[in-house]
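Biologist: Please take a close look at one helix and its packing partners. Keep it brisk.

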Amino acid sequence: MGADANGSGGLMDSQTPEFARARKLLDGLPWFQGLPDEARDLLAEGCSWMSLPGGQVLFYEGETADAVYLIAQGSLGAFRRRDGEIQSIGEMFAGESVGELGVLTARPRVATVRALRDSLLLRLPGSHLDMLAERFPQALLGLARLALKRSSEGGARRYDTAPRTIALLPQCAGVPLRDFASELLMRLAKFGRVRLLTSSDADRPPDWFEEQEREARFVLYLADQESGPWRERCRRQADAWLLLARADETPAAFSEVLQPVPHPDAPRPEHLVLLHSAKPRLGAGKRWLKSRPHARLHHVRGEPDVGRIGRLLCHQGLGLVLSGGGARGFAHLGVIKALREAEFEIDAVGGTSMGAVIGAGLAADWSTEEMIEVFRQAFYDTNPLSDWTLPVISLVSGRKQSRLLQDTFGSRDIEDLVLPYFCVSANLTTGAAAVHRTGPLWYWLRASTAIPGIVPPLMHHGEVFVDGGVINNLPVDVMREMHRGEIIAVDIGSDYRLKSKFDESELPPIWQLAAEWFGPSHRPSLRQVLLRAGMVNSGTAALQAREISSLLLTPPLDDIDLTEWKSYFRAIDRGYQYTLRMIGGEKDVLSQEPPTLW
């Protein structure tokens with residue numbers, strides 16, 4: 001347990017700076033809004049300040065709950081041991097609380113809480129809260145509401161607070177650290193005051209560092225190249241690590257720089273930043289991620305890429321999710337064209353089936369004109385579903401589709417894409433959606449577009465993968481797990497309706513079907529039935545996506561069939577015109593400056 005910073009074992013002296021600081025922290029909490037000054041003074045008098053070094057435990061799972069803690073500075077992590085493994089269940093930052101549920105319900109602690117970095121806490125003893133409630137019953141109403149809310153969430157809550165302290169840690173020689181830091185500082189300054197600390201500040205007293213964090217929204221700790229006291233302090237004090245490396249270097253040569261975390265149970269969020277001299281160096285992402293498999297990967301070629309990192313760190317980025325829908329997916333190109341012309345900066349992209357294919361071109365940072373031309377050659381000039389085969393497992397062999405994807409995306413891995421990206425397939429072996437963030441791009445796009453019954457499934461390591469639309473055709477939930485900013489979802493399949501002009505329970509004789517072959521079709525084709533069956537849950541997904549996305553776009557495509565490849569340009573124009581109309585009143589909402597928090 002950390003030591004009391006004010007050295008007091010009783011009531012806090014109301015004439016001291018510690019008391020004034022406690023009052024200021026308590027006054028900012030919504031739980032105690034509306035309390036009279038007398039109650040707030042009494043509450044503050046019973047508190048005590050305590051420091052908790054990074055890696056040290058505040059309390060253990062199963063212990064008696066005897067106090068609530070408010071985080072004035074630093075960050076805490078909550079962990080549980082399940083099946084012999086330590087699992088992280090949440091992070092808490094300055095301005096948040098921990099421990100109120102156990103105190104109010106008189107139950108043991110449900111998790112172990114450890115300091116993720118050096119932290120300063122205000123301790124509110126449970127006995128003092130009880131005494132306060134006797135004189136001011138309304139005092140704990142807000143706290144009780146908070147505890148009930150967290151109880152209904154099962155205690156395993158996740159926090160969306162952006163990191164306040166960020167360490168810039170070079171991972172190899174020759175990293176232009178100060179140039180990158182200056183650019184990042186300028187980008188973060190759009191969201192609040194920023195301070196840059198370097199080794200020249202190493203001898204400052206602890207109070208000075210606390211003051212920097214109080215007065216600034218973000219504090220950047222610029223680490224030294226080699227290990228030492230200042231670099232260690234940067235690592236220990238940061239809520240998040242930015243690991244900077246040159247894309248043309250090899251991580252194995254710098255293993256001494258790739259140090260372990262301060263405590264294995266309290267890892268920092270890691271962002272691996274690869275600096276490229278020009279266009280992304282293929283293979284660099286996979287090579288460096290082997291040394292930091294849990295890090296989020298960022299490619300930097302110039303200033304705009306640093307801006308994207310800044311937005312993602314501040315949880316102010318924009319994610320784009322594209323649904324599957326066969327040939328209707330060409331409308332995604334029109335949507336992207338309209339968003340770009342309106343100067344929406346897309347920072348992450350993901351999708352299913354055709355949405356995954358179009359999204360991969362966006363994540364590769366192709367221009368709109370380049371995407372339209374590349375996908376025209378791949379899908380308009382050549383029908384990808386025309387290599388018919390003996391229908392043992394599918395109607396087509398899949399060779400043509402595989403070749404088109406390989407020709408379009410080459411030897412790229414998903415890790416080579418400029419924007420953070422994922423695609424979704426359905427794992428028929430496990431019966432669950434599979435999210436692909438690493439590996440050969442064409443290979444997992446082949447899985448994501450393997451329409452059951454039409455295209456053969458992709459078999460990988462004994463498991464069977466098909467079109468992701470079978471389980472999750474609009475994966476906004478996947479984007480929400482990795483992305484804390486705004487999300488635009490584009491659904492081009494939910495309004496598709498498969499109709500028939502016949503009422504029948506069985507097919508007519510073969511001679512009648514042959515006679516109808518050359519006339520107008522009155523019943524859905526086998527391909528239409530299989531395609532629609534593979535994405536039938538998209539309507540439900542759209543309803544769910546509407547709840548967790550910032551904007552849901554549904555271009556009107558009712559007259560375009562799922563296999564109507566020759567509607568390429570019509571679908572693009574439909575998506576473009578519709579999006580222009582929709583974002584006329586939405587851009588101001590999505591691009592407005594965030595509120596001032598500090």
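Modeller: Axes here are lines fitted to C-alpha atoms, for helices over the stretch in contact, with angles from 0 to 180 degrees between N-to-C directions. Helices are DSSP runs of H or I with at least four residues, numbered from the N terminus. The model is predicted: local features need pLDDT of at least 70, side-chain atom pairs count only at pLDDT 80 or more, and totals for chains, interfaces and linings use all residues. Residues are numbered from 1 along each chain as its sequence is written, and side-chain values use heavy atoms, without hydrogens and water.

Take H20, residues 568-583. Its axis and that of H11 (residues 331-341) come within 6 Å and cross at roughly 40°. H11 is therefore oblique to H20 (under 35 degrees is roughly parallel, over 145 roughly antiparallel, 65 to 115 roughly perpendicular, the rest oblique). The crossing of H11 and H20 is right-handed (the near helix is turned clockwise from the far one by less than a right angle). Contact means heavy atoms within 4.5 Å. On the H11 side, the contact residues include Leu333, Val335 and Leu339. They meet an H20 set that includes Ala571, Gly575 and Thr579. By class, this H11–H20 contact has eleven nonpolar, three polar and two charged residues (Ala, Val, Leu, Ile, Met, Phe, Trp, Tyr, Cys and Pro are nonpolar; Asp, Glu, Lys and Arg charged; the others, Gly among them, polar).

Now H13, residues 368-380. The axes of H13 and H20 come within 11 Å and cross at roughly 140°. That makes H13 oblique to H20. Their crossing is right-handed. Met371, Ile372, Phe375, Arg376 and Tyr380 in H13 meet Tyr568, Phe569 and Ile572 in H20. The H13–H20 contact has seven nonpolar, no polar and one charged residues.

Note on methods:
Helix = DSSP H or I, 4+ residues; strand = E, 2+ residues; numbered from the N terminus.
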